[in-house]
Amino acid sequence: MSTPYRPVIVGRHGLQPERTALAWQRTAVSTSVAVLPLVLVDAREGQWALVAASALAGLVTTGFAALLRRRVVRLSADRLDLSPWPDIVRIGAATVLLAALGVATAMAVLLGG
């Protein structure tokens, strides 16, 4: 007769919350890194308002990555009662912001000023 499955980490039913939080953290770091080419292109084109907006977006998404890091630490301490919605909203907002800045940069380059 086979023995029932027992998780390696006692009291845990898998690591899905941690894996999800780490994936969100990677997304936040990716958006922070993806802002850098926008800043460089906007500076080359002389679009200083877009340079400032892109630099600010980079700082904001870096802050989101730091908040997600705190979430991973709290989840590691068996705090599974944390709501994921604030983090989902932050990552969604960072992604939409990056897309909007990309479109604004593309329009500035295409229209030449």
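Guide: A term to start with: patches are made of residues with over 30% relative accessible area and no salt bridge, with nonpolar side chains (Val, Leu, Ile, Met, Phe, Trp, Tyr) joined within 5 Å. A salt bridge is a side-chain nitrogen of Lys or Arg within 4 Å of a carboxyl oxygen of Asp or Glu. Areas come from the Shrake-Rupley method with a 1.4 Å probe. This is a predicted model, where local features need pLDDT of at least 70, side-chain atom pairs need 80 or more, and totals for chains, interfaces and linings use all residues. Numbering runs from 1 along each chain as its sequence is written, and side-chain values use heavy atoms, without hydrogens and water.

Visitor: Which residues make the nonpolar surface patch?

Guide: Val103, Met107, Leu110 and Leu111, covering about 460 Å².

Visitor: Why does Val103 count as exposed?

Guide: Because its relative accessibility is 52%, and exposed means over 50% (buried is under 20%, partly exposed in between; 1.4 Å probe, protein chains only).

Visitor: New topic: where is Leu50 found?

Guide: In helix α2; helices are DSSP runs of H or I, at least four residues, numbered from the N terminus.

Visitor: And is Leu50 buried or exposed?

Guide: Buried, because its relative accessibility is 15%.

Visitor: What does Leu50 touch?

Guide: Leaving out residues up to four places away in sequence, Leu50 touches Asp42, Leu101, Ala104, Thr105 and Ala108. Contact means heavy atoms within 4.5 Å.

Visitor: How far apart are the C-alpha atoms of Leu50 and Val39?

Guide: 7.4 Å, with the two residues 11 apart along the chain.

How values were computed:
Helices (H or I, at least four residues) and strands (E, at least two) are DSSP runs, numbered from the N terminus. Patches are made of residues with over 30% relative accessible area and no salt bridge: like charges are joined within 9 Å, nonpolar side chains (Val, Leu, Ile, Met, Phe, Trp, Tyr) within 5 Å.
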